[in-house]
Every structure is written in structure tokens, then in C-alpha cells.
Amino acid sequence: MPLHAQLLRHATETPDKPALVIDGHSLSYGELYSRAKAIYRFLQKLPRSNRRMLDLPGVDKLAALSLGNHIGFAEYFAAATAFPTACAVIDPMMPPERIERIVERLAPDVLVVDDAAGPSAEIGRRFGIPVITASAEPFDLAATGDDLPVDTDGIFLIGFTSGTTAEPKAYYRSREQWRRSLDRGRVVFQLEDAPSTMCPGALAHGLALYALVEALDAGATFHSVRKWEPGTVARILSSAQIERLVAVPTHIAGIARAWSTEPALTSLRDVLTAGAKLDVNGVDSMRRLFPKARISEYYGASEIGFMTVSTLVGGAFDFPIDRVGQAYPGVEISIRDPNENDVGSDVPGTIFVRSDLIADGYLWGDDGQAFRVTEAGATVGDLGELDANGMLRVIGRAGGMMISGGNNVYPAEVESALKACPGVEDAVVFALPDAYLGQRIIAVVSGEMKDAKILADHCARELARYKIPKQFYYIGTWPMTSSGKISRGQVETSVVSGGDLVLRLSA
């Protein structure tokens, strides 16, 4: 991990300060560091797997964590990312067949799980991989020893994108990339005084994992929950006087609903979101729920890191709601045509980035359709446009474009318009085959608004006629992925199959 020197400093200066609190279980900085040292010594003594075919330069041991939001996650992650060890973080909530394919290809030297009888543990044993159950370790966690190695470079993290394919892409990161990002983030996100941080998302995903690491880097107390439940998170925010919340918009919407009849959460000084674009209704709801908080969002990708950051409320000036901000420090953004020529301002095209925060690449799954690096920079295929002030608007992913009546339509644009309609909490837009139009646009909304005519009339004021959805559906509760995002595939499947998850709204 690119912050072992910081962990040692915090363990020395504030050994009794809580580093991690999950469901009431606490781990101090002193405990975190001493336990990480013991785990690191254990990892170094393990025999290296003779099945691993991956080329991981500079990596001696590879540890895979399939722990979920376990109190031991931080200590195993710290140990498994100390040179010359690298860590692969696997979401235990993925379908077992995906976990099996990942574990088979990784062939890690050890697999750490939170449930000895769970699917991940069974898969590991089937492949002959040593399986360790956190909190039931077969070694002495109180033993003393040398400090964790610091000031080294090379691969430290293997992560997995949540793509639509059956097998997530495996990307890898270097310690130096994250050191640069953390150094800049302390200033950008004002973390110098180590604000207590809550992130209710899954630690196996980029948003929460990075939030954990930046909190530990700053010497803050990081709070989370084993299982997402909005009422529980809201009570923790209130009772623990949390200063900073990092979450996807759907999590924040859930907190707002659960806490709608309770007093505002005035201890929050910062709310940071990512993973989906904030909308006017969402920001207004957050203003009521967190009246003293600065509300910011960032746009990025697992493979590229931070691209832009903006402050919508509480900054020196508030960014336009339809933009995702200006370039993150050290990042240069350009918009390019299919031939990778810079198109300038106010012209849509593919978003390219030049940055020293970009991942090294994929271990597998590189189909050339998503993340790629060329002479123009790096891109994940997102489309957008820059205005004259360098503010970026994200239009959508190239592969998500709909063609209705011969016109190009991007779901994100229609979703943004719908979420600005009073009474709409969230929206998902997609296309289905249509004999006349080629594709007809479908919208699914949640919230209090259930009138298809009002929705269509609102869209008519905001969008070109050909972008107005042809059918509207209502959903009471969104199916969610383990990363806290809406499971768009399940929503579309329910519409197609006529399932009871959605209700068609008549005009």
C-alpha cells in the first residue's frame, strides 16, 4: 500500500485513535499496524504458488482478499500491499462462477475470506489455494517484528471492473500512482485535519477502497457498515458526529429517505459523490439533509483515476449542475473525434486524458473497446464536451448510444432531464427494438412522480422531440449492485419480461 510510512507515523503518534469502525467494532492505529506486521511476516513465509502464470514484475507473493466490509480488511490490505507483496481485491458478492474464474486465473498464494464455509473459501480450497479466515488466523497477531517496508514502487493492487461481460476486466495499479493521487487529494479534499469519514459502499470497489486508503493516509477514522442499510448509516452519521461522507448518489438518496423525519445532520462538513451524475433534485435534498456541508463530486474511472472534480455547493463558486467539473490537478483533458483530433470547446467527442495517475493496463479482459492508451492520451470510451472554461459535461459511453428514428440519443442526457422533473428521485433510460423507429426509448423512474403525461411534457421542455421516451415505467425500489449502483440489467429485464419489479405508466 502506498501509505505504510503514514501508517507507521499514525501508529506512533496516535496509537489509540480508532483507524476503522465497522458495525461498532473498532481497530486502533496501533492495533492496525501491529496486526498488519504480523500478517505480513506470515505472508512472506508462505510458499509461492507454482500455478500462477501471470507476469507480475517485482511481485513475490500475491494475496487475494474476498472479505467484504470486514473489520480485518484494513490490516490484511496493509500487509498484502507491502513490498514485495501485491493484493487482489475480490468482491465476495459476485456470482460464484465469476469468483471461480478470477481465482483460477490469479492463482494467488493465499486467499483471505470472512466465511470459512462461503463460496470464495470453497473455490479456493478446490484449487488447492491456502485459505485464511479473518478473525480466525492460525498465527500470532501479537508478535513483534520489523516495520513494514516503505518507499518502494511496483504493482501493489489488482482490481476488477464491473463491466457487463461475464468476466470482469482485471487492471493493476502501482504504488507510485496512488502516492501522487493521495498527495494531491489531501489538498483538493481538505483532509489535512483528518476528518472522520463514512463510506457505506463495498470495500471491494474503487470508491470505498480509495476512501478507506485516503482516510488512513490522513490519520482519520474511517466508518463503514457490513451491510448497506440506509437507516443504520443515517444513525451512525448522527450519533458518531461524522464530518465527511463519501458515497454514490443512490446511497445518499436512501439516507435522505430514511432520515426524512429526523433533524438535519449538521456535523457533516463535506459530502463527496461519484459513480453517477448529481442532479438538481438530489442536490436540493442534500442541502436539506446536510445544511452545513460542502457538496462535491468527482468524475473518474478505475483505470484512469481522478479526471475532474467540482463543488456544487459551498465552494468559492458553485459549478453548473450539468458539468462534472474541471480537470483534477495534474490532469489534462481533451475531446477528440474518431481520428483522435482535438475538436476544441463545445463540440462533443470522446474524452481523452493525459495524467500520471493512469493504470498500467489489464492483466486480462482487454478487448480494446474500453480503456486504451494512445498518443492522444488515455480513454475509457466516455463521450463529453468541454466549454470555454474547461468544464466537462459527460454525455455517456459510446457503446450506450441509442439510435431512434435515425437520431443518436444518449441515455445520460435523457436521465438528467428526467431527474430534474419535480417528484422524480432517479431514472434509468434504455432502448428496446422497434419495427418503425429501430429503437424506442424507455424510461424507468422512481420517486413520487407517477404521471406519464407530466413526465413526457417535462421532457418536451428539456429535450429535442426525438429524445422523449416513448414509454414510462415506475419502480418502487431499485435493484442494486454490490457497489451501490443501480443494476440496470435487472431493470431492463423486468421491463422486457413484464416482471412485477416495474409498473407501466399510462399516458
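The legends below describe a predicted model, first as a whole and then in close-up.

Residue numbers start from 1 along each chain as its sequence is written.

**View 1. Overall fold of the protein.** The protein has 13 helices and 28 strands. These are DSSP runs, numbered from the N terminus: helices are H or I with at least four residues, strands are E with at least two. The radius of gyration is 23 Å, close to the 23 Å that the globule rule gives for 507 residues, so the protein is as compact as a globular protein of that length. The radius is taken over C-alpha atoms, and the rule is 2.2 Å times the number of residues to the power 0.38. Along the principal axes, the C-alpha atoms fill a box of roughly 70 × 50 × 45 Å.

**View 2. Burial and surface of the protein.** Of the 507 residues, 56% count as buried. Buried means under 20% relative accessible area, exposed over 50%, and partly exposed in between (1.4 Å probe, protein chains only). The accessible surface comes to about 21,000 Å². Carbon and sulfur atoms account for 50% of that surface. Areas come from the Shrake-Rupley method with a 1.4 Å probe; for residues, only the protein chains shown count as cover.

View 3. The structure holds 0 disulfides. A disulfide here is a pair of cysteine sulfur atoms within 2.5 Å. For C87, the nearest cysteine sulfur is that of C199, 17 Å away. For C459, the nearest is that of C421, at 7.4 Å. C87 is buried, with a relative accessible area of 0%. C459 is buried too, with a relative accessible area of 0%.

**View 4. Surroundings of H70.** H70 is found in the loop between strand 3 (61-66) and helix 3 (73-80). H70 counts as buried, at 9% relative accessibility. Neighbours within four places in sequence aside, H70 is in contact with L20, I22, D114, A134, S135 and R226. Contact means heavy atoms within 4.5 Å. F156 lies 86 residues from H70 along the chain, and the C-alpha atoms of the two are separated by 20 Å. Across the protein, among contacts between residues at least 6 apart in sequence, 65% join residues at least 24 apart.

Note on methods: Predicted model: local features only at pLDDT ≥ 70, side-chain atom pairs only at ≥ 80, totals over all residues. Heavy atoms only, no water.
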